[in-house]
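Take a walk through this structure with me.

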Amino acid sequence: MTLLIKGGEIITAKERKRADVLIEGERIAAIGTDLAAPLDAEVIDATGKLVFPGFIDPHVHIHLPFMATFAKDTHATASRAALVGGTTAYIEMVCPSRGEDALAGYELWKQKAEGNSACDYAFHMAVTRWNEKTEAQLREIVRDGTASFKIFLSYKDFFGVTDEEMFHTLKLAAELGVITTAHCENAELVGQLQQELLAAGKIGPEWHEPSRPEFVEAEGTTRFATFLEATGAAGYVVHLSCRPALEAALAAKARRVRLWIESVLPHFLLDKTYSEREGVEGMKYVMSPPLRNKKNHPALWHSLEAGSIDTVGTDHCPFDVEQKALGADAFTQIPNGIPGLEDRVNLMWTYGVKRGRLSERRFVEALSTQPAKLFGLYPRKGAIDVGADADIVVYDPEYRGTISATTQLTNNDYNGFEGWKIEGRPAVVTVRGKVQVLDGKFVGEQGRGQMLKRKPQYFRSDEHGS
Ligand code: URP
Ligand code: ZN
Ligand code: ZN
């Protein structure tokens, strides 16, 4: 299959230029002005459109047994949602619980994805307990191409690790050259504060944020950074939500700890007043770390534009209204999470780039190129270069639309951004040279997605912007 994307404006993390892109098979074969179309080529007219490298979501949950239920998506639904929103690859968290075998969990997560995803995917392997067997299994999992770990400093007794387990995990990560991603909240403080609030009759979703205050996240971030320093491992804070945690992470970066920062879509655009809404309306917005006071937003946007927040993911984790209502009698029972995979690109474009908070260059870097670099996918992904995978988003900046659960492909009965306007959307999306989305509709091949096997990365600070 030969495709020629003609007349578009290419925007990458490096540059903006008008050029055509020739795709032969699964790869980009040529980039240049006025490229002639080979006889067998399908020509995509990109006049007036922007041409981006496929966007990569570094933090999603698809199969997730959590809080007495399961997140709603499958790889079939999530990948179609990702693609119509311009995301051509995602990294899913493999999250066996503490009681489960790591390798059995890994095989299960792989099996759920295989043959079902319409876009490419990779995994972060969660380490939820530590012993000799786990260590041997983690070595095997890294050899299999899953070259990043995940640890939770929260969710005590379920996914959470002790400090001792974190230490051993990071020692292994440092030895293997594997980056470790971390959910940074102090589990003990959260548990104690939750019990105090419930005992005082404070049971609604508006008490979720006070049970995990900003200092609880700052402490988790500081502790993670300290353990990175002690072990020499490379780390990545996931879904950072507030200024105190940001300051903790930036202080660690300033003293050359090898630490990178992810924030996620909800924390740039939503605030805690959403989770203070009455009943299930508030429960829809319960996630961890929680939505914060709006006063945190400027710091997040400025750091994103400056490049000290490195990436933007989603922490996509859909639970429907019935599942959210499991927490009607106690906020501690509300399944934590919100969807976002389908909307990240359009919302960050509209409320970041179009509102002047984010440059086009940083937009591409944070949502595509930097996740690819950090997680061993670059330059195959995250770039428009000859030889790279032909994952391309031809973006229509003139499109105007409104987000709604009634039209989304995500398998959920609500959307946290219901009614939000978008000013642009993908017109054409390709995955390794195949058109998977046309005019906002999935038109492709369901099983096209492949697992992206990755080699351990040895991080060099000059390359990754710390
Ligand atoms: O609330 C959240 N974030 N749910 C998903 C699990 C996690 O902590 O990432
Ligand atoms: Zn988390
Ligand atoms: Zn998550």
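A residue counts as buried when its relative accessible area is under 20%. Keep that cut-off in mind, and remember that this is a predicted model. By that cut-off, both H183 and H239 are buried.

What do these two histidines do in the model? H183, through ND1, and H239, through NE2, coordinate the zinc ion (ligand 2) at 2.1 Å. H183 sits in strand β14, residues 179-183. H239 sits in the loop between β15 (235-237) and α8 (243-254). The pair therefore ties together parts that are 56 residues apart in sequence.

Now look at the angles. The four donor atoms around the zinc ion (ligand 2) subtend angles of 57 to 150 degrees. Four donors count as tetrahedral if all angles lie between 85 and 135 degrees. The arrangement around the zinc ion (ligand 2) is therefore irregular.

How far is the zinc ion (ligand 2) from the zinc ion (ligand 3)? The separation is 3.7 Å.

Turn to the zinc ion (ligand 3). Its protein donors are H59 (NE2), H61 (NE2) and D315 (OD). Along the chain, the donors of the zinc ion (ligand 3) follow the spacing H-x1-H-x253-D. H59 belongs to strand β8 (residues 55-60), while D315 lies in the loop between β17 (311-313) and α13 (321-324). So this pair ties together parts that are 256 residues apart in sequence.

Are H59 and D315 buried or exposed? H59 is buried, with a relative accessible area of 0%. D315 is buried too, with a relative accessible area of 14%. The geometry here is again irregular, because the four donor atoms around the zinc ion (ligand 3) subtend angles of 85 to 140 degrees.

Next, find helix α1, residues 75-84. Nine of its 10 residues are buried, so the helix is largely enclosed by the rest of the structure. Among the buried ones are H75, A76, L83 and V84. What covers the buried residues of α1? The cover includes α2 (102-113) and the strands β11 (87-94), β21 (425-431), β22 (434-438) and β23 (441-442). After α1 comes G86, whose phi is positive, near 95 degrees.

For a contrasting spot, go to K354. This lysine is found in the loop between α14 (344-353) and α15 (360-374). K354 is partly exposed, with a relative accessible area of 37%. Leaving aside residues up to four places away in sequence, K354 touches W349, R400 and E423. The C-alpha atoms of K354 and I91 are separated by 27 Å, and the two residues are 263 residues apart along the chain.

Finally, step back to the whole chain. Its secondary structure comes to 16 helices and 23 strands. The radius of gyration is 21 Å, close to the 23 Å that the globule rule gives for 466 residues. The chain is therefore as compact as a globular protein of that length. Its C-alpha atoms fill a box of roughly 70 × 50 × 40 Å, taken along the principal axes.

Buried residues make up 63% of the 466 residues. Take the contacts with a separation of 6 or more: residues 24 or more positions apart account for 76% of them. The accessible surface comes to about 16,600 Å², and 50% of that belongs to carbon and sulfur atoms.

Notes
Residues numbered from 1 in each chain as written. Chains lettered and ligands numbered in written order. Predicted model: local features only at pLDDT ≥ 70, side-chain atom pairs only at ≥ 80, totals over all residues. Heavy atoms only, no water. Donors = N, O, S within 2.8 Å, 3.2 Å for Na, K, Ca; no water. Tetrahedral: all angles 85-135°; square planar, octahedral: opposite > 155°, others 65-115°. Helix = DSSP H or I, 4+ residues; strand = E, 2+ residues; numbered from the N terminus. Buried < 20%, exposed > 50% of the residue type's maximum accessible area, 1.4 Å probe, protein only. Contact = heavy atoms within 4.5 Å. Rg over C-alpha atoms; globule rule 2.2 N^0.38 Å. Areas by Shrake-Rupley, 256 points an atom, 1.4 Å probe, with all protein chains shown as cover.
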